[in-house]
Amino acid sequence: MRGLGWVYLAAGYGFILLPVAVLVVFSFQDGRLPVPPFQGVSLKWHAQVLSDRNLMAALANSALVAGVSSAVALIMGFLAAHGLARVHLPGSVWLRGLLMAPMTVSALILALGLLTLFNQTGLRLSLWTAGVGHVVLNLPLCFAICYAAMGDQQKAAERAARDLGATEVQVLWLVSAPMLAPALLAAFFLSVTFSWDEFILAFLLTRFDVTLPVEIWSMLRSGLSPATNAVGSLVFVVSVIAVVLAEVLVFARKR
Amino acid sequence: MTAGVSIQSVSQSYGTTRVLHEVSLDIAAGEFIVLLGPSGCGKTTLLNILGGFAEAASGRVLIGGRDMAGIAAKDRPTTTVFQDYALFPHMTLAQNVGFGLRMRGMAGPARAARAAAMLDLVGLAGRGDRRPHEISGGQRQRVALARALAVEPQVLLLDEPLGALDLKLRRAMQGELKAIQRRVGTTFVHVTHDQEEAMAMADRIVVMNAGRIADEGPPRQVYLSPRSLFSAGFMGEINKIPLDGAQSALGPLALSGTGPRVLCIRPEAFAPDGLPLGPARVLDVAFFGSHVRVQAAPLAAPDLRLVVHLPPAALPQVGAVLNLFAGSHVVLDA
């Protein structure tokens, strides 16, 4: 029975990780197609990807959108969580629900809604509109993480700070934010990961400047190539770094 | 700096429950006041109103003659030592103590010097670069005190600050708090439900019950001549004998006055002579070191139980009959 458990575990992880492993392995393919048989190790596809201007521009765009939209989502989520944790309004349950609502809506629907809104208001599609989409996507996450991290200790310390003469801005900046730093960083890096990988909103809400997933999609239309695998590996590495940072920070907090 | 406090018919309600009924109290500058009462008596609410954490529904609070209406906690000349200390976990002890000074715009070096001096005052000299999680509960308590005193408040509010400490440490801290208060001269308003703590520290005890002041005065007065039955019972063990005029279950007593009242006698107030209470049979005897505790039933009223403290030398036998006299007593309205 015990052995069966290990088999199940291996099968589970294999199911999750095998596609990624195959993707990474065939990004080193010394040949024109990222399919078996493996014809030898070559770094030429990685070199090609790294010297591709469009891809590198898209990579920079993705980093910009992920960084800025995550920062905005984090600040908004933190302020909302702080307000709702401190004040008991008659409808605060509903307010919390409303803040979490975008999580329950599919990205496609969100994107269509935002697209309609931008068309109506005459806003041109750009990296900014994609960034707005990513804020909508990540705000519930940031709010939820910040809200869960706020406890009685937090409230007591804020009260003490006010008692000692701190203004509300000083309370937020000198007491609340530093006390919640691990949660804030975890929320930020998770947001960065989601924004970095996000395709649907970015595809529908950008036009000339695009993010990396959109650029990869246009590469895929011209057929399979180990170059796509190489880009995929790079994206994967960046995501792993962000997730690991978030995990480390969350665990650092629990200790 | 120190200032007096004037609380003028302050009332407060939570929903439909009134927690303070027209409470009025004048506190002199430099006085050590203890608000004493059971939980739910309104003492913490009153402290919150003084600190600016709650608004009184009606009435006024003056601190140093200045009306505090509409003044937020951060702008009041008060600081608070909280029951849970509420230290800032991400700051060192010196940064904690210097926080209020930083908010008042004091420059770094002056702040560090003052924080070090305050830590010295509470017996934590040289520990300024530790963090709150590295020190014990009693030490955190001292840091909270130093932090609150560092900004030289006119009034220091203490919300059951010793409640989380073990008994021995609590008794030691009571003495220290009192000594520090004498040294800095600040008005202290201290909330507790422990009457021994109140007597150990207070210049004046204010006994509260159900949102009203039940009694107030120096510890000796509140203990020996309480003004209400609640206060008499809360300050310590007491024997209560119902009276109707001079008539009681023990028979007629040598007391003047009319109507239903209660004769109150502390266990240690029984003496070889005084107000004669008649004979009583000893039911139980226990030796407590500083005294002998005797439970006795008066022969005239066998259902009544009296608790009598005798000197440790006396050790009466169970079943013996004692002739009881009250050396001192108080008669209160029922």
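I count a residue as buried if 20 or more other C-beta atoms lie within 10 Å of its own. The model I am reading is predicted.

**Entry: helix α1 of chain B**

I started with α1(B), residues 43-51. How many of its nine residues are buried? I found eight, so the helix is largely enclosed by the rest of the structure. I noted the buried ones by name: Lys43(B), Thr44(B), Thr45(B), Leu46(B), Leu47(B), Ile49(B), Leu50(B) and Gly51(B). Then I looked at what follows the helix. Gly52(B) comes after α1(B), and its phi is positive, near 90 degrees.

Ser9(B) is one, with a phi of about 30 degrees. I placed Ser9(B) in strand β1 of chain B, residues 5-14. I checked its surroundings too. Ser9(B) has 13 C-beta neighbours inside 10 Å, so I put it down as partly exposed.

Glu22(B) also went into my notes, as a residue other than glycine with a positive phi, near 45 degrees. Its place is strand β2 of chain B, residues 17-27. How many C-beta neighbours does Glu22(B) have inside 10 Å? I read 14, so Glu22(B) counts as partly exposed.

**Entry: α3 against α9 in chain A**

I moved to chain A. Two packed helices are described by the angle between their axes and the distance between the axes. For α3(A), residues 53-86, and α9(A), residues 181-197, I have an angle of about 140 degrees and axes 8 Å apart. That angle makes α3(A) oblique to α9(A). The crossing is right-handed.

Which residues make the contact? From α3(A) I listed Ser62(A), Val65(A), Ala66(A), Gly67(A), Ser69(A), Ser70(A), Ala73(A), Leu74(A), Gly77(A) and Phe78(A). From α9(A) I listed Leu184(A), Ala187(A), Phe188(A), Ser191(A), Val192(A), Ser195(A) and Trp196(A). I sorted the residues of this contact into ten nonpolar and seven polar, with no charged ones.

**Entry: where chain B touches chain A**

Last, I looked at the contact between the chains. I noted 17 residues from chain B and 15 residues from chain A. On the side of chain B, β6 (78-81) and α2 (93-103) each supply at least two residues. Which element gives the most to that side? I found α2(B), with three residues. I then sorted the residues of the side of chain B that touches chain A: nine are nonpolar, five polar and three charged.

Definitions and conventions
Residues are numbered from 1 along each chain as its sequence is written. Chains are lettered from A and ligands numbered from 1 in the order in which they are written. This is a predicted model: local features need pLDDT of at least 70, side-chain atom pairs count only at pLDDT 80 or more; totals for chains, interfaces and linings use all residues. Axes are lines fitted to C-alpha atoms, for helices over the stretch in contact, and angles run from 0 to 180 degrees between N-to-C directions. Helices (H or I, at least four residues) and strands (E, at least two) are DSSP runs, numbered from the N terminus. Angles under 35 degrees count as roughly parallel, over 145 as roughly antiparallel, 65 to 115 as roughly perpendicular and the rest as oblique. A crossing is left-handed if the near helix is turned anticlockwise from the far one by less than a right angle, and right-handed if clockwise. Two residues are in contact if their C-beta atoms, placed from the backbone, lie within 7 Å. Ala, Val, Leu, Ile, Met, Phe, Trp, Tyr, Cys and Pro count as nonpolar, Asp, Glu, Lys and Arg as charged, and the others, Gly among them, as polar. A residue is buried if 20 or more other C-beta atoms lie within 10 Å of its own, exposed if 12 or fewer, and partly exposed in between; C-beta atoms are placed from the backbone.
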